[in-house]
Amino acid sequence: MDILTQIILYAGFSGITVFIGALLANYFDHHIEQRRIKYEVTHTAQAFGAGILFSALALVLVPKGLEELSLWPMLISFSLGAVLFFIIDKKLAHSGGKMAQLLAMLMDFIPESIALGALFATDQATGTLLAVFIGLQNLPESFNSFRDVVISGFTVKKTLVLMFFLSFAGIIGALLGYFYLSGSPEITAHLMVFSSGGILYLLFQDIAPESAMKNHRWGSIGACLGFMVGMIGEKVL
């Protein structure tokens, strides 16, 4: 099997979990009764996704920036990500939109997919493991994003179609990384640090506060479990 076919297959696997997560969220919303347990599961899933996002930021995205970039370029890229998503989030709030989970998922999924493609040029074993890690991340993140997108005004059908097409973003990102960034680690690092700034802003502004539950602490346990998934993935890698 040639390297391009491998990249498409592994990136396709890591991306299809975006659509699978949306299908699970749709089933959960329409086939599980409105009881206390549904509220708890929803908020715990949000916290779990937040934990995974934070692990990606702390263990993958920022360390890559520290490794490849000097101090000021790294801080500028991080700041630009935070400021840009502050502006986007503010505009969405004024228009009644609620897309923080989706934006955070994409800021995690796309740069890691690009890194996946770049890695395959030199280290196929690590690239394969990264694909598995990304796929595991995308499942809870898309589960949470589905609800955000529907609340923002999209119909269920349109949301599922959106998630289906977004699942192919990993293939596009991986191919771009392979063809254009395999010899440019600094550009990849800038992209990862930029994404880190946006993710950190969205985590503390929107995602983490919404995952909290009164008189329940399962959300915090969910966040810890999500971070542990990231730890496992990073240790295996």
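How much accessible surface does the protein have, and what percentage of it belongs to carbon and sulfur atoms? The accessible surface comes to about 11700 Å², and 71% of that belongs to carbon and sulfur atoms; areas here come from the Shrake-Rupley method with a 1.4 Å probe, and for residues only the protein chains shown count as cover.

A word on the ground rules before the points. This is a predicted model, in which local features need pLDDT of at least 70 and side-chain atom pairs count only at pLDDT 80 or more, while totals for chains, interfaces and linings use all residues. Residues are numbered from 1 along each chain as its sequence is written, and side-chain values use heavy atoms, with hydrogens and water left out.

1. Overall fold. You will find nine helices and zero strands in the protein (DSSP runs numbered from the N terminus: H or I of at least four residues for helices, E of at least two for strands). Of its 237 residues, 46% count as buried (buried is under 20% relative accessible area, exposed over 50%, partly exposed in between, with a 1.4 Å probe and protein chains only). Among contacts with a separation of 6 or more, 87% join residues 24 or more positions apart (contact means heavy atoms within 4.5 Å).

2. The core. The largest nonpolar core has 45 residues, and L102, L116, M163, I199, L202 and I207 have the most contacts inside it (such a core is a set of buried Ala, Val, Leu, Ile, Met, Phe, Trp, Tyr and Cys residues joined through side-chain atoms within 4.5 Å). Helices that each supply at least two residues include α2 (36–68), α6 (156–166) and α8 (185–211), but the largest share, 11 residues, comes from α4. Beyond its neighbours within four places in sequence, L116 is in contact with A11, G127, L130, A131 and A174.

3. N138. This residue sits in helix α5 (residues 124–151) and is buried, at a relative accessible area of 1%. A polar atom of the N138 side chain lies 2.7 Å from the backbone oxygen of S14. Not counting residues up to four places away in sequence, N138 touches S14, G15, T17, V18, M105 and F109.

4. S167. Look for S167 in the loop between α6 and α7, where S167 counts as buried at 3% relative accessibility. Its side chain reaches the backbone oxygen of F164 at 2.4 Å. Leaving aside neighbours within four places in sequence, S167 is in contact with G15, I16, V18, F19 and F109. S167 and A11 are 156 residues apart along the chain, yet their C-alpha atoms are separated by 9.4 Å.

5. The nonpolar patch. F13, I16, I20, L24, V132, L136 and L139 make a nonpolar surface patch of about 550 Å² (patches take residues with over 30% relative accessible area and no salt bridge, joining like charges within 9 Å and nonpolar side chains, namely Val, Leu, Ile, Met, Phe, Trp and Tyr, within 5 Å). Helix α1 gives the largest share, four residues. One of the patch residues, I16, counts as partly exposed at 32% relative accessibility.

6. The salt bridge. The count comes to one (a side-chain nitrogen of Lys or Arg within 4 Å of a carboxyl oxygen of Asp or Glu). K64 pairs with E68, their closest N and O atoms being 3.8 Å apart. Both lie in helix α2, four residues apart, about one turn of the helix. K64 is partly exposed at 25%, and E68 is partly exposed at 23%.

Technical notes. A polar contact is a pair of N or O atoms within 3.5 Å; within protein, one must be able to donate a hydrogen and the other to accept it, and residues adjacent in sequence count only if both atoms are side-chain atoms.
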